[in-house]
2 protein chains.
Amino acid sequence: MFSLFSVDDHIIESAGVWVDRVPQKLKDRVPHVVEADGRQIWVWEGGQETTMGLNAVAGRPYETWGAEPVRFDEMRKGCYDPHERAKDLISNGILASVSFPTLPGFAGRKFETFADKELAVTCVRAWNDYMIDEWCAAKPDVFVPMHIAPVWDVALAVAETERMIDRGSKALCWMEDPSNLGLPGYHTEYWYPLFELCEAAGLPICMHIGGASAQVSLAGTIPMVEIAAAFAGAARSSVSMMVSPVPRKFPGIKLVWSEGGIGWITAALERADRQWLRHQGWTHIPDAHIMPSEVARRNMWFCMIEEPVGLKYRHDFAMDRILWESDYPHADTPFPNTQQACTDLFAGVPQDEIDAITYRNAEELFGFTINKSLLPG
Amino acid sequence: MFSLFSVDDHIIESAGVWVDRVPQKLKDRVPHVVEADGRQIWVWEGGQETTMGLNAVAGRPYETWGAEPVRFDEMRKGCYDPHERAKDLISNGILASVSFPTLPGFAGRKFETFADKELAVTCVRAWNDYMIDEWCAAKPDVFVPMHIAPVWDVALAVAETERMIDRGSKALCWMEDPSNLGLPGYHTEYWYPLFELCEAAGLPICMHIGGASAQVSLAGTIPMVEIAAAFAGAARSSVSMMVSPVPRKFPGIKLVWSEGGIGWITAALERADRQWLRHQGWTHIPDAHIMPSEVARRNMWFCMIEEPVGLKYRHDFAMDRILWESDYPHADTPFPNTQQACTDLFAGVPQDEIDAITYRNAEELFGFTINKSLLPG
């Protein structure tokens, strides 16, 4: 049986995440669930949203998928209940799991849209406390704590990251490219204090595809394009980082590109290096002796769910920089057939390479050891 | 010696392209060159622009490259003079060449910004007539005629394409994704009449990277990012087309993605097919039995200058869908060392595969046969 460390799963927040953690006077202003016309709707000061069915498809046949709203009682319990989640994961051999937020958006970017930024910080902190006190507490030897931070202010992001390191966070959930959101990008010095802290703490920075796309949701776009071409965003963002001053200023920084796939990387590195050599003279890049491909193999990790092509090319990239994802309960998850999917995917791959991709690289990166005694049967 | 068919070179327009072809009263309104402070500037009704040095680096050492403006007399003559261009190409074994516009932008998109759309159509036609009457006429057995068309109106685009097919055009220079420019995209029926014409005429549609990016130039962006990550735009655009109704409605359409590279394609096809199978139910795609990878291998061609990684993975894609580019006189060109670059690149590749990539696939696609007797010495 495969022992798996999933570096990319998704929490569907339960109704109490925010209201259970704020004073009475704020309960109507933070995200809370109301019933209307038989639906459950998330409502907060200035906005509302339903939970999209596509975010909660684990265990459901393809024919029943859709972007329509779903109620909590229509979802599999493992979507929002950490006890049930842990059972589901362990039943599939997944012994460690890093989970991303849903309602807050990746990196918690939705709170940046709040007019009242004090309320926004309160919401960020509440989600983070939920992550530690309820989600991870339900099964601490499986759930790897990751926190979000205020994306609109580096000083606030540093303060919240310091608080969460003290609370045991093992990773920062962050944006691939804030310049896509009109925030300072990674070719400015704006985020240096945050990167300095993460480097010093050895904290991996996890950036999920779509976390800094112009579009927050699939509404208004062609869903199949966004889904099928999503790797192009990770490709552009990671290459942008490879040629930025950030990894040259912070040589110990750890950057994880979640759900972007791995098969395109070797081509990306070759192009980046070739252009670097041609254009470094007039583009005046600092520390130009450090090649983009060197940055990628030193500072970056890339992730895969089921990607036979990427796996075939693994030695052209780097065996110690590839991580495995489950994506539970999103549309890419092989759950409940995770073990069979891995059997098919890793056929013919030597055991030490399987171990590296399925859990050892992640164990080292997150400083979190899997407990194999949890394996069923 | 390698016999080469370059499907991607660039014309730096000479001063007379437009003024030589319009009535006296329009000469101050169409693009024309004026001298100011020792520089030469393109000026037209509503705009002006210098020729960027980076667009004319053929034969110059990397240390001298830059984005600063250059005068015609500072450029190698082959940039703008078709007789000199033909000599340069042939000296490097390049026996056929498809060339893209510079001042008009790829696909001639700059004319869409003209307030006077009649003037804009005049400018499109003048560039096309220049292509046939001066550029290709200088060496008809080397230069493959390609035309631009009005990108703001499908009926005008059809009319100009019909006119240019009659004039001998072998390809349409078009946009990867007009929706990036605020124009109707390829998930609408708007462009069907143009695609219907191109399919019926067997006319390849060549779409250069950057041709429908939000940014027209490198100004205001981080140049190294735009250069190194440019393939991500081709990746997104081509996947968008693979999952669009267009190639299913027009099964004979021929789509060429220029300068986007090839090494990322197998990963892109695998992801597109996997997502297609998972999401086709709720996204309601017509003709869903035709897989994205089938579209790619039937309707698409991808291009490479020097890409050892992409070449290594060639059999995972399709030997008959890979084309070679020279990119003269842009920054990616191996000129004047094209033969040596090809010797290095194709080491160990069987001769029939070299021939397919370097000229046979292009001969068949463009209906244009190279004349090997032109090869030097």
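Biologist: Where does Pro329(B) sit in chain B?

Modeller: Pro329(B) is in the loop that runs between strand 12 (322-324) and helix 12 of chain B. This is a predicted model, and in it the peptide bond from Tyr328(B) to Pro329(B) is cis, with omega near 0°.

Biologist: And on the chain A side, is the bond from Tyr328(A) to Pro329(A) cis or trans?

Modeller: The bond from Tyr328(A) to Pro329(A) is cis, with omega near 0°. Pro329(A) belongs to the loop between strand 12 (322-324) and helix 12 (338-345) of chain A.

Biologist: Before I go on, what scores does the predictor give the complex?

Modeller: The complex gets an ipTM of 0.93 and a pTM of 0.95. For chain A, the average pLDDT is 94, and 98% of the residues score at least 70.

Biologist: Switching to sheets. In what order do the strands of the open sheet with antiparallel pairing in chain A come?

Modeller: That open sheet has 3 strands in the order 2-3-4, and the pairing is antiparallel. At its edges are strand 2 (32-36) and strand 4 (47-50) of chain A, each of which pairs on one side only. From one strand to the next, the twist averages 35°.

Biologist: How many bridges pair strand 2 with strand 3 in chain A?

Modeller: There are 5 bridges between strand 2 and strand 3 (residues 39-44) of chain A, in the antiparallel sense. As examples, Glu35(A) has Gln40(A) in strand 3 as its bridge partner, and Ala36(A) stands opposite Arg39(A) in strand 3.

Biologist: What about the turn of the hairpin formed by strand 2 and strand 3 of chain A?

Modeller: That hairpin has 2 residues between the strands, and Asp37(A) in the turn has a positive phi of about 55°.

Biologist: OK, and how many bridges join strand 3 to strand 4 of chain A?

Modeller: Strand 3 and strand 4 of chain A run antiparallel and are joined by 4 bridges. Trp44(A) has Gly47(A) in strand 4 as its bridge partner. This hairpin has 2 residues between the strands as well, and Gly46(A) takes a positive phi near 100°.

Biologist: What is phi of Glu259(A) near?

Modeller: Phi of Glu259(A) is near 65°, a positive value in a residue other than glycine. Glu259(A) lies in the loop between strand 10 (255-258) and helix 9 of chain A.

Biologist: Last topic, chain B. Is the pairing in the open sheet 1-5-6 parallel or antiparallel?

Modeller: The pairing is parallel in that open sheet of 3 strands. Strand 1 (4-10) and strand 6 (143-144) of chain B are at its edges with a single partner strand each, so one side of each has no neighbour in the sheet.

Biologist: And what joins strand 5 to strand 6 there?

Modeller: Strand 5 (residues 94-100) of chain B is joined to strand 6 of chain B by 2 bridges. Ser97(B) has Phe143(B) in strand 6 as its bridge partner.

Definitions and conventions:
Residues numbered from 1 in each chain as written. Chains lettered and ligands numbered in written order. Predicted model: local features only at pLDDT ≥ 70, side-chain atom pairs only at ≥ 80, totals over all residues. Heavy atoms only, no water. pLDDT = per-residue confidence, 0-100. Pairing = 2+ DSSP bridges. Axes fitted to C-alpha atoms, helices over the stretch in contact; angles between N-to-C directions.
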